[in-house]
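Please open the model in your viewer and keep the sequence at hand.

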Amino acid sequence: MDKQQLSKDILKLVGGEENVDQVTHCMTRLRFNLNDNKKADKATLKNTPGVMGVMENGGQFQVIIGNDVPVVYNALVGNMSKSPNADNASSGASTGEKKKRNPVSALFDFISGIFTPILPAITGAGMIKGIVAILVALEWLSDTSSTYIILSAIGDGAFYFLPIILAISAARKLGSNMYIAAALAAGIMHPTITALLANGDTTFVGIKVIAATYSSTVIPIILAIWIASYVEKAVDRVTHASLKLLIVPTVTLLIMVPLTLMTVGPLGTVLGNGLSGGISWLFDNMSIFASILIGGTMSLLIITGMHYALLPIIVGSMTSLGYDFIIPLMFAANLAQGGAAFGVGLRSKNAKTKSLAYSTGLTAIMGITEPAMYGINMKFKKPFIAALIGGAVAGGFMGIVNVKAYVLTGLVGLPSIAAFISPAVSTLLYALAGGLIAIVAAAVLTYILGFQEENASEPVAAPVAEPATPAATTSAPAVTEEAKAQDEQVFSPITGEVKPLSEVPDPAFSEEIMGKGFAIQPSEGRVVSPINGTVFSLSKSGHAIGLVSDTGAEMLIHIGIDTVKLKGQFFSPKVQAGAKVAVGDVLMEFDREQIEKAGYTTITPVIITNMHQYESIESAGRTTIKEKDLLFTAKA
């Protein structure tokens, strides 16, 4: 691939040099601060060979490149008449990101940052509710038995105490104290206060307290913790260091619990009920229209990140109404993307394209759509249109038969079918029928519309990173593609808790666009080599390390998300690019507590970026792990 030409194409498609205020890069992507994001041609960029994806985060325009990003960055800067590096920007420009931050993008980022970490808790609880529903429906469990009561409590617990879980997550995102936030949420949910409010005519220091129920609610606690973060920081600024532990939490709670009960909570309850009621009214009165519209545009919302705005509505509907209408439409849209990819596989004359289309189509119907969307459907354009139409057709069917989701699951695909189980078995059958309609409609329409394969003899590029080319931060040559891949054992570079990539709050990792592997939530601030090989790249900010093993596996260790913005602060590299390393050699030390205090998560993806040379990833099965323990095996 001609990196010079790619850099010119990217510069043109982001709106030209005059639209670029700043541009930097991390280990995987170019990070632009554009004067006007609307001038960037996102659709064409996403379909540009060499570009793995495009996303906007907090007003920053990011172009995902993969391991070759240093080469593309150097070529891009070389084609510009000015130096747009953020490090060299004027003081006015250096604050450009904050000044130009799009409020809507910032809101989506905030919502995503709150809900993504808590999804495992509410997904697990939701699945248990689904299992209980199955057992009752099959009459294997009585709904009056103590076993049923205990299992129901396990499933309902995370939802009943959702305000406490959300308070912790929101405080972490806002950089305030998570435990003060949890205490605030516990205060408004205390059984005594709940009973007091239920009786009505409650006052606090002579001021009327409006009755409201806060269990299972979303918006009231988010508003409360947002305001509390300002109160806490204001009190912290004016309190002497020796008294902070005593004064800050005391004053924050004394101000915020009554304020939440009297104003913030009731307002949030009204807003939450209004959103849930509005969605319910829309589907009760305009069900078919709403279902067609949302089913047909859901993939577009996912690409832009706007689907994060639906999370509070989904959770609010699930907790207040007991069901949700939006998840079935996500189900239809995701399966339609898989169907369109299958259609490409059926029509394509290229063996590599057929293989990629079938494999990414399968992952799409399992709930992971990005590989199919970016690697196949959007690349050939017409299949993506077919997928949107397939989602709309299936959505319309689900609107007609009134399909609802009763359980909140993680990935929305075939594995989440338990979400549609209810006392009425027809709901499950209708959901399966709708999914089949989405797949068939998108596949058939793709086959009929056709698509243009450029150079049919050339393989379609898969949405995975290419081997790195030596650049400013690289000095070791990558292993050639011709080298036969071998099974690669990858040992843990960090001590901590093993997480699936789906829990990483960044689509480039969570959707496995960059590659496959696992993430680790560190309990210590040290990174060691997970393989025997060579350090082929080390980011200037120290947050990411690229490695190539002696047998050809290319790896990326990415410490935290968006930690590139720390510009090396709290990171201490112990090796340089080009260094030979063995399993257990220290690569990096970092101050985990300071990074998290600065508002960044330290969850660390450990991935194989040249997965096209491997068949699969096999987990070692650990949930907690120490340095040099086996993490996973890449099977050739």
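Strands (E, at least two residues) and helices (H or I, at least four) are DSSP runs numbered from the N terminus. The model is predicted, so local features need pLDDT of at least 70 and side-chain atom pairs count only at pLDDT 80 or more, while totals for chains, interfaces and linings use all residues. Residues are numbered from 1 along each chain as its sequence is written, and side-chain values use heavy atoms, with hydrogens and water left out.

Next, select E13 (residues 554–558), which pairs with E12 in the antiparallel sense over 5 bridges; pairing requires at least two DSSP bridges between two strands. Within E13, Leu556 is the bridge partner of Gly546.

Now move to E11 (residues 533–538), which runs antiparallel to E12 and is joined to it by 5 bridges. Val535 stands opposite Leu547 of E12. The hairpin of E11 and E12 has 5 residues between the strands, and Gly542 in its turn has a positive phi of about 80 degrees.

Then select E12 itself, residues 544–549: because 6 of its 6 residues are buried, the strand is largely enclosed by the rest of the structure. Buried means under 20% relative accessible area (1.4 Å probe, protein chains only). Ala544, Gly546 and Val548 are buried on one side, as are Ile545, Leu547 and Ser549 on the other.

Finally, display the whole protein chain, which has 21 helices and 20 strands. Of its 636 residues, 54% count as buried.

Terms used:
Buried < 20%, exposed > 50% of the residue type's maximum accessible area, 1.4 Å probe, protein only.
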